[in-house]
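Have a look at the model first, and then read on.

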Amino acid sequence: MPFAIPKIDTIYLDMDGVLVDDNDMFNRVAPTVGNMKEHITKLKVFGQKQAFIFPLIDEAIKRNLFEKAKKTQFGEVVSLLLLPYWKMLGINVEILSSTMKTNPLRKELEDQKIKWLKAHGFGHLKVNLVPGSAEKQVFARAGALLIDDYDRTIGQFISQGGYAIQYTNFKEVMHTLSLLNLCENITHGQKG
């Protein structure tokens with residue numbers, strides 16, 4: 001039975017891990033880890049991800065690394081190709097990013113994220129910075145699509161009536177956007 005894709009009027013973009021290469025940033029804090037993405041994946045299996053990541057985030061904030069982080073390949077495609085395409089389709093695009101539920105350095109992190117957005121072609125977008133990823137579900141509604149790398153956030157957003165794509169890698173997210181007719185005529189790459 002065919003499925004009619006609902007109208008999407010707003011796309012919310014997460015920053016860390018979606019637009020911002022947080023693995024590169026964390027490698028700067030802990031260069032001896034090796035492949036950061038694989039290391040974090042292993043830790044997640046055993047419930048150790050947060051205990052490892054939170055000190056890295058604190059150090060990255062102190063070293064101003066959120067402002068200096070690299071853009072992901074997806075971030076490049078969004079800023080150069082997808083934003084104009086989505087605008088042509090009449091879709092509103094906003095940033096929806098967390099500054100962590102418990103974070104004594106929240107103000108510093110907010111400032112760094114805003115500066116990063118301005119420096120990388122996203123400064124014109126409305127920015128929604130929430131104190132914890134669970135707060136993203138407040139933005140969920142029919143017509144709203146979230147692109148986020150955190151599986152729990154995706155589930156919460158969908159359970160509250162929104163739509164969501166979990167960002168796992170560049171190729172997969174581009175394929176999913178293509179299925180939704182949200183990236184017509186854009187070349188698909190292989191990098192994550």
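Is Lys-107 buried or exposed? Lys-107 is exposed, with a relative accessible area of 52%, where buried means under 20%, exposed over 50% and partly exposed in between (1.4 Å probe, protein chains only). This is a predicted model, in which local features need pLDDT of at least 70 and side-chain atom pairs count only at pLDDT 80 or more, while totals for chains, interfaces and linings use all residues. Residues are numbered from 1 along each chain as its sequence is written, and side-chain values use heavy atoms, with hydrogens and water left out.

Nine salt bridges turn up in the whole structure, each a side-chain nitrogen of Lys or Arg within 4 Å of a carboxyl oxygen of Asp or Glu. Three of them are listed here, including the one made by Lys-107.

| Salt bridge | N to O distance |
|---|---|
| Lys-107 and Asp-111 | 3.0 Å |
| Lys-44 and Asp-151 | 3.1 Å |
| Lys-71 and Glu-76 | 3.9 Å |

Lys-44 belongs to helix H2 and Asp-151 to helix H7, so this pair ties together parts 107 residues apart in sequence. Helices are DSSP runs (H or I, at least four residues). Lys-71 counts as buried at 17% relative accessibility, whereas Glu-76 is partly exposed at 36%.

Now for the packing. The axes of helix H5 (residues 73-88) and helix H8 (residues 170-179) come within 11 Å and cross at roughly 15°. H5 and H8 are therefore roughly parallel, a label for angles under 35 degrees.

Note on methods:
Axes are lines fitted to C-alpha atoms, for helices over the stretch in contact, and angles run from 0 to 180 degrees between N-to-C directions. Helices (H or I, at least four residues) and strands (E, at least two) are DSSP runs, numbered from the N terminus. Angles under 35 degrees count as roughly parallel, over 145 as roughly antiparallel, 65 to 115 as roughly perpendicular and the rest as oblique.
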